[in-house]
Amino acid sequence: EACLPLDQSFELTIQGCGELVDSWESRLGLGGSFAGKQRWTEWKVTVPSEAAGMLDDDIAGRYILLDKCGGARGALHKKQG
């Protein structure tokens, strides 16, 4: 789910792609439900054409994980291109 400052709603698709790598919690060595947890190195965001006009910027595209940037839980993703 994505929360945007809009009065209208629409569906978008966020698909994990790239490689599966250890999550931040797993890299810290946390056990329990975090042991062996993985995440995708890329996300692919797709916005329906009828919804694209509702947005100020084009958010569709590929987002690359920047896990060493110092962001919260090493989870920052930056849009390519």
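Leu-30 touches Glu-25 and Ala-35, leaving aside residues up to four places away in sequence, where contact means heavy atoms within 4.5 Å. The model is predicted, so local features need pLDDT of at least 70 and side-chain atom pairs count only at pLDDT 80 or more, while totals for chains, interfaces and linings use all residues. Residues are numbered from 1 along each chain as its sequence is written, and side-chain values use heavy atoms, with hydrogens and water left out.

Leu-30 lies in the loop between α1 (24-27) and β2; helices (H or I, at least four residues) and strands (E, at least two) are DSSP runs, numbered from the N terminus. From Leu-30 to Leu-65 the separation is 35 residues in sequence and 21 Å in space, C-alpha to C-alpha.

The two residues tabulated here are classed by relative accessible area: buried is under 20%, exposed over 50%, and partly exposed in between (1.4 Å probe, protein chains only).

| Residue | Relative accessibility | Class |
|---|---|---|
| Leu-30 | 39% | partly exposed |
| Trp-43 | 35% | partly exposed |

Trp-43 is found in strand β2, and its bridge partner in β3 is Tyr-63. β2 pairs with β3 (residues 61-65) in the antiparallel sense over four bridges, and with β1, also in the antiparallel sense, over eight bridges; two strands pair if DSSP finds at least two bridges between them. Asp-22 stands opposite Gln-38 in β2.
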